[in-house]
Structure formats: C-alpha cells, structure tokens
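Me: Got a model open here and want a quick walk through it. Can you take my questions as they come?

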Amino acid sequence: MRTREPGGGWWRLYPWLPGVLLAVGWVVGFTTPPHVTLTPFFVAAPLAAAPVLSIWLTALYGTLATGLVVAEMMQIDPSGLEALIKVGTVASMAVFAVLLNRMLSRREERVASARRIAETVQRAVVPDPPERVGRVRVAACYQAAQRNALIGGDLYSVRDTPYGVRMLVGDVRGKGLGATEVVAVLLGAFREAAEEEPELGEVAARMEATLLRERGDSPTSDEMEGFTTAVLVEQSDDSPTRLRMINRGHPPPVLLHPDGEAHYVYGDAALPLGLRELYAHRDQPTTATFPVGAHLLLYTDGLSEARDADGVFYDPAARLAGRRVVAPQELLDLVVRDVVAHSGRGLKDDLALLAVRHSPSGG
C-alpha cells in the first residue's frame with residue numbers, strides 16, 4: 001500500500017484506517033437494528049484516505065463506501081428518502097475526498113520543488129568540503145529541524161592555506177534569504193582572509209569588518225541580521241599536533257582522542273561577529289593538542305541546545321566520552337543518531353556539523 005507520508009509510531013498504521021472504518025461500518029450496519037445509522041463510518045473512510053494515500057486508493061475507498069451504503073439501503077428501504085440522502089451524502093463526500101487528495105498532492109509538489117531549490121542554493125552557498133584537506137580528513141553535514149524547512153543560517157568551511165588548514169563553523173541569527181546573504185558574505189570573507197592573513201585573529205577581524213560594511217551598505221536590512229556566532233580553528237603546517245582557536249560566542253568544539261577521551265576546547269570569551277560596536281576586542285587564539293588519530297567536532301547550537309522530554313540539554317562531550325571512531329563521517333553519523341534519539345520528537349533547530357580527523361598518512 002503506497003502512502004504519501006508513512007511517518008513513524010502509530011502513524012504507520014494510519015493507512016489502514018479507511019479499510020477499518022469500512023469494515024466496522026459494514027459489520028455493525030448489518031448486525032444492528034435498521035434505525036441505527038453507520039453513515040459516518042462510510043463518510044470518514046475516503047476522507048481519511050485523502051491526506052495520505054494515492055488518488056486511486058482514495059477513489060477506490062470512496063467507491064467502496066458508496067457501494068456498501070447502497071447495499072445496506074437495499075436491505076432496508078431502497079426507495080425511501082433516507083436511502084437517497086445517505087447514498088448521496090457518502091457519494092458526495094467520496095468526490096470531495098478525491099478533490100482534496102488532488103489539492104494536497106499539488107501542494108506537496110510545490111513544497112518539494114521549493115525544497116529542491118532551497119537545497120540547491122544551500123549547496124551552492126555552503127558547499128561540502130573535500131574529504132581530505134591538508135593533514136586532516138573531513139566530513140560535514142547539515143541537518144534541518146523541519147522536513148520542509150528552507151535554508152537557514154548555519155555555515156562551515158575548511159581551507160588548505162599557506163598557513164595551514166583553517167576551519168570555520170558559524171551560525172547567523174535569523175533564517176531565510178536574509179541569513180543566506182550573510183552566510184555568503186562571511187564565507188567569501190573567510191576564504192579570502194584565510195589565504196592572505198598569517199594570524200588567525202586577523203582572519204576573524206576581516207570577517208567582522210566585511211560583515212559590518214555589508215550591513216552598512218544595506219540600510220533596509222535588519223540591523224541585527226549580521227549577528228553571527230563563529231569558531232575558527234587552525235592546524236598549522238609547522239605544528240600539526242597543535243590547534244589554534246578563536247571563538248566568537250559559539251558553542252565550544254569537542255576534541256575526541258583515539259582512546260575515547262572527550263572534552264571541550266574552550267577559548268577566550270568574546271562577542272559574536274557583528275557586535276564590535278558594543279565592545280572592541282582583539283582576538284587571542286587558544287591552543288590545544290591535536291594528536292594523530294584524534295577527531296575535532298565543530299557544531300552549531302542546534303546540537304548543544306537539543307533537549308530531551310525532561311528538558312535536559314544534549315551534552316556532546318559527555319555523550320561522546322568512551323566512543324572510538326575511525327573516520328569523520330562515522331563520527332557525524334553517530335552524533336546525528338544520538339541527538340535525534342535524545343530529542344525524541346525531533347530537532348527544534350537546524351544544526352551544522354563539521355568533523356575533522358588528524359591523519360597525516362591518509363588513513
């Protein structure tokens with residue numbers, strides 16, 4: 001039986017509901033006195049089929065419902081006004097169910113088309129990084145909170161530069177086209193600055209200057225649309241087992257060692273990008289060890305702010321403690337499965353994940 005939205009849990013049984021309604025109406029209708037009417041069961045069957053089943057199955061249930069009412073009325077009073085009203089009611093609702101099914105199908109087609117366009121824009125603005133960049137293997141993913149949600153403001157990038165491998169994960173305040181414009185501006189500024197600036201702090205400074213300039217050139221945009229949390233990480237060629245990090249109001253990355261030890265990499269407290277007018281700050285990178293075989297997980301707050309049924313936040317470092325993975329994609333798959341299981345009914349916010357593994361030998 002083909003369904004449009006099979007869903008999960010008890011929704012898996014929903015496609016069988018129209019048949020159950022017809023069966024109940026038929027059995028009860030022939031085992032109760034004539035004055036007991038079961039017409040609502042026959043009316044409900046095609047209407048229940050319309051939102052989830054194909055147009056042909058909806059029409060089939062409508063035809064069966066009308067036929068069963070006709071058969072029931074033939075046994076009771078085929079020439080009476082009541083029989084005419086019941087048959088007419090069920091038949092008209094069957095036609096309405098077919099029309100409703102067609103309307104919903106067209107709406108789903110429009111939504112699917114919009115989603116494909118949004119995903120294409122997302123890939124164009126935030127392309128997936130290559131599987132290997134410099135001394136690290138890389139994997140990235142974007143997980144939308146809602147199935148039909150359009151693009152949001154999460155971003156990531158990994159670049160092999162003259163100063164080593166530089167990574168960025170950020171989260172723009174807001175959603176839609178305004179946030180997408182800011183994402184494009186920030187990624188462009190990061191790619192340019194990462195290739196030219198020897199100091200990681202200067203990369204962040206140039207990103208912020210670009211953001212403020214673009215915001216000033218767009219007076220019609222929301223003044224706070226450029227507010228962006230971000231974390232920048234650098235693995236230099238001179239010292240590949242050391243990381244340098246600048247955190248601008250973003251959730252701290254998680255470092256997962258080969259033996260399963262997991263801990264956060266904290267940096268100096270600093271305001272997000274775009275808020276320089278509130279507090280002038282010169283970024284001072286934080287250093288951390290990055291041994292061969294270790295993984296670094298960078299993420300947006302859609303991960304760390306995911307809650308379970310009791311309101312407990314998801315703790316990436318605690319959940320990863322004791323886990324051993326051999327590839328970045330394996331780490332991302334593990335995290336996505338775990339956070340979805342933790343949140344139960346699904347994510348409340350989009351999340352972007354970037355995982356890198358120190359593997360100079362290519363393993």
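**Core, strands and salt bridges**

Reply: Starting with Met 167: leaving aside neighbours within four places in sequence, Met 167 is in contact with Ser 157, Val 158, Phe 190, Val 231, Leu 232, Val 233, Leu 296, Leu 298, Leu 354 and Val 356. Keep in mind that this is a predicted model.

Me: Which residues touch the most other members of the largest nonpolar core?

Reply: Met 167, Met 207 and Leu 296 do. That core has 46 residues.

Me: And what gives the most to this core?

Reply: Helix H5, with 9 residues. In general, nonpolar side chains of soluble globular proteins tend to be buried together.

Me: What about a second core, how many residues is it?

Reply: The second core is separate and has 23 residues. Val 254, Leu 297, Ala 317 and Leu 351 are among them.

Me: Switching to strands. In which sense do S5 and S6 pair?

Reply: Antiparallel, over 6 bridges. A hairpin of 6 residues joins S5 to S6.

Me: Which residue in S6 is the bridge partner of Leu 232?

Reply: Ile 246. Leu 232 also turns up among the contacts of Met 167.

Me: What does S6 do with S9?

Reply: S6 and S9 (residues 286–289) run antiparallel, joined by 4 bridges. Arg 242 stands opposite Thr 289 in S9.

Me: Is S6 mostly covered or mostly open?

Reply: Mostly covered. Of the 7 residues in S6, 5 are buried.

Me: OK, charges now. How many salt bridges are there?

Reply: The count comes to 10. One of them pairs Arg 244 with Glu 234, and their closest N and O atoms are 2.9 Å apart.

Me: Where do Arg 244 and Glu 234 sit?

Reply: Arg 244 is in strand S6 (residues 242–248) and Glu 234 in strand S5 (residues 228–235). The two are 10 residues apart.

Me: Buried or exposed, that Glu 234?

Reply: Buried, because its relative accessibility is 4% and the cut-off for buried is under 20%. Arg 244 counts as partly exposed, at 23%.

Me: What is the N to O distance for Glu 197 and Arg 206?

Reply: Their side chains meet in a salt bridge at 3.0 Å, N to O. Glu 197 is buried, at 17% relative accessibility. Arg 206 is partly exposed, at 23%.

Me: And how far apart are the closest N and O atoms of Glu 195 and Arg 159?

Reply: 4.0 Å, and the pair forms a salt bridge. Glu 195 lies in helix H5 (residues 176–196) and Arg 159 in strand S3 (residues 154–161), so the bridge ties together parts that are 36 residues apart in sequence.

Me: How accessible is Glu 195?

Reply: Glu 195 has a relative accessible area of 30%, so it is partly exposed. Arg 159 is partly exposed too, with a relative accessible area of 30%.

Me: Last topic, the surface. Which residues make the nonpolar patch?

Reply: Leu 13, Trp 16, Leu 17, Val 20 and Val 24. The patch is about 470 Å².

Me: Where is Val 24 placed?

Reply: In helix H1 (residues 17–29).

Notes:
Residues numbered from 1 in each chain as written. Predicted model: local features only at pLDDT ≥ 70, side-chain atom pairs only at ≥ 80, totals over all residues. Heavy atoms only, no water. Patch = residues over 30% accessible without salt bridge, like charges linked within 9 Å, V, L, I, M, F, W, Y side chains within 5 Å. Areas by Shrake-Rupley, 256 points an atom, 1.4 Å probe, with all protein chains shown as cover. Buried < 20%, exposed > 50% of the residue type's maximum accessible area, 1.4 Å probe, protein only. Pairing = 2+ DSSP bridges. Core = buried A, V, L, I, M, F, W, Y, C linked by side-chain atoms within 4.5 Å. Contact = heavy atoms within 4.5 Å.
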